[in-house]
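Here are my notes for your first look. Please keep the structure open as you read.

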Amino acid sequence: MAVSFEYVAKETATNLWRNRMMALAAILTVAVSLSLVGTALLLRQAVNRQIGQWSNNVSLQVFMDASASTGQIANVRSTIAQTPQITHCTYLDHAQSYEQAKKLLASSPTAIEALTPATTPTVFRCQLRNPSEAATVSATFNGGVPGVYQATSPSQSIRVMQQVTNVLQVILLVIAIVLLVSSLVLILNAIRMAIFARRREVGVMKLVGATNWFIRVPFMLEGLVQGLLGALVAAVIVLLSNLGVGYLIRHYKVSVLGSAVLPAHDLVVTELLVVLIGLVVGVAGSSVAVRRFLDV
Amino acid sequence: MIRFDNVTKSYKGQPPALGGISLEIQKGEFVFLVGSSGSGKTTFLRLLLREAVPDTGAIWVAGRNIGELSHWRVPSLRRNLGCVFQDFRLLPNKTVTENVAFALEVIGRPRNVISNQVGQVLELVGLGQKGDRMPHELSGGEQQRVAIARAFVNRPLVILADEPTGNLDPATSQGIMKLLDRINRTGTTVVMATHDVGIVDTMRRRVIELDRGRLVRDQARGVYGAAEDMTTSTRGVPAVAVAAGLDRMLGAEPTTGRVAAVRARRGQR
């Protein structure tokens with residue numbers, strides 16, 4: 001039997017309106033908790049992108065002397081090829097290296113002026129099989145190989161920053177989960193009150209032989225709508241916070257942080273995830289309520 | 001239509017509400033279910049609706065053993081049973097028409113069928129002009145007519161009525177009984193639990209009496225009190241008068257005075 005769409009829509013809307021204070025509480029809790037979830041996800045992606053940009057996914061950089069000869073460069077290239085810990089390497093010549101330096105030093109124009117393509121050291125950017133081997137490998141290049149200026153691995157500060165954001169994320173996610181559980185309970189309670197408010201109708205429906213699903217669907221849908229509305233509010237908050245961060249970074253020209261603003265694709269994925277979690281919370285809360293308090 | 005095979009039902013820690021009931025009700029019968037409070041009448045109706053299942057024995061409704069009905073088939077059983085209660089159970093925030101239409105809406109009937117059938121059934125119960133009223137604007141008798149319309153609108157095989165006249169004065173009750181009788185004449189089986197002596201004695205239909213969960217009497221054209229012969233059963237009212245009263249009651253307009261007079265003569269209980 002088809003459940004008439006019009007009937008279900010009408011019933012759900014009436015229920016929500018009759019129970020609006022309860023519904024509002026549930027929706028706002030979902031919104032707050034999902035904003036936290038969304039923020040935590042965005043933070044993670046932003047930090048990963050920024051760190052990736054800073055270190056360019058490179059765990060070892062071998063800078064050559066600006067005056068290094070072609071022979072010396074070829075020599076280093078073959079040493080790299082013979083080092084088993086290094087999985088992949090790219091060489092940036094003077095022009096490429098200069099471009100890269102301009103990006104990294106964008107915040108200090110005086111440093112850029114001091115550079116020319118000819119004076120910028122060329123560099124091998126390498127990926128290691130295991131980043132923890134960076135110290136050992138860089139030692140072999142720092143040990144007086146002709147033409148090598150310096151071999152470096154990502155600084156300690158980046159690793160500390162990664163750890164701090166990891167801890168921050170865990171804290172945000174724990175708070176978000178607690179709030180999600182409480183919003184689930186709030187939705188459950190809202191549906192329970194809706195069932196209680198409509199016990200006469202439910203009684204009549206059972207007597208005249210309405211099917212179980214017919215009786216349940218409006219209540220389930222009510223929970224789903226609450227979850228969805230909360231999630232949409234959260235999605236707007238997440239979007240605004242991302243725009244806000246982007247605006248601040250541009251306004252204060254902190255271009256080193258340029259990658260912390262996420263591209264549209266990542267943002268859309270995060271928003272979809274937020275909405276999905278909202279739907280799941282709404283449906284879960286109302287299913288539990290319907291199963292426990294609506295004996296059909 | 002309805003068959004009880006040695007049905008027993010007891011609630012926790014209490015003597016059986018129904019003990020070993022066996023009986024059969026044919027299609028189109030009009031049956032009074034009588035007995036004092038706690039005799040098992042309500043349990044009888046609850047079992048028929050499958051709001052409860054028997055501990056032992058089997059109940060057959062329209063050829064189906066409803067004790068073995070799976071959960072999801074219960075609604076289709078209930079679509080064949082119309083229910084009327086002492087307290088009407090109308091939805092206070094819906095009009096008369098909406099109340100009756102609700103019963104069809106929630107079983108997914110299309111809109112044109114609903115408006116058609118609701119109109120017909122409201123004419124049948126004599127409320128054709130009052131479709132837009134709210135339940136609280138109606139008298140008790142009119143509210144019960146709405147409840148009967150709602151129970152009958154889907155043309156069930158059986159109408160189950162649990163003391164439908166319990167809240168109504170005698171004249172109004174008569175009107176309700178006329179209506180139930182008219183519905184019965186369409187071939188619908190009617191099972192009515194009642195305490196109303198006057199109605200049972202006047203209608204002279206099959207009477208099933210329960211006492212503490214036992215079937216103590218099953219009498220065609222019976223009366224309310226247990227009776228060996230006509231004279232005692234009607235407590236002094238000659239059978240001819242009863243029959244005449246029945247005819248008048250089913251045919252003519254209700255007359256409060258006559259019923260009151262009959263009751264007075266009986267030393268009304």
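**Notes on the model**

1. Start with confidence. This is a predicted model. Chain B has a mean pLDDT of 85. In that chain, 84% of the residues reach 70 or more. For the model, ipTM is 0.77 and pTM is 0.69.

2. Over residues 228-238 of chain B, pLDDT stays under 50. The model still has 15 contacts beyond four places in sequence for that stretch. Residues 252-260 of chain B also stay under 50 in pLDDT. Here the model has 14 such contacts beyond four places in sequence.

3. Now turn to a helix pair in chain A. Helix 1 (residues 5-18) packs with helix 9 (residues 212-251) of chain A at an angle of about 55°. Their axes are 9 Å apart. The angle therefore makes helix 1 of chain A oblique to helix 9 of chain A. The crossing of these two helices is right-handed.

4. Which residues make the contact of helix 1 with helix 9 of chain A? From helix 1 of chain A they include A:Tyr7, A:Val8 and A:Leu16. From helix 9 of chain A they include A:Phe214, A:Val217 and A:Leu221. The residues of this contact divide into nine nonpolar, three polar and two charged.

5. Look next at helix 3 (residues 96-105) of chain B. Is helix 3 of chain B mostly covered or mostly uncovered? Helix 3 of chain B is mostly covered, with seven of its ten residues buried. Among them are B:Val96, B:Asn99 and B:Phe102.

Note on methods:
Residues numbered from 1 in each chain as written. Chains lettered and ligands numbered in written order. Predicted model: local features only at pLDDT ≥ 70, side-chain atom pairs only at ≥ 80, totals over all residues. Heavy atoms only, no water. pLDDT = per-residue confidence, 0-100. Contact = heavy atoms within 4.5 Å. Axes fitted to C-alpha atoms, helices over the stretch in contact; angles between N-to-C directions. Helix = DSSP H or I, 4+ residues; strand = E, 2+ residues; numbered from the N terminus. Parallel < 35°, antiparallel > 145°, perpendicular 65-115°, else oblique. Left-handed = near helix turned anticlockwise from the far one by under 90°. Nonpolar A, V, L, I, M, F, W, Y, C, P; charged D, E, K, R; others polar. Buried < 20%, exposed > 50% of the residue type's maximum accessible area, 1.4 Å probe, protein only.
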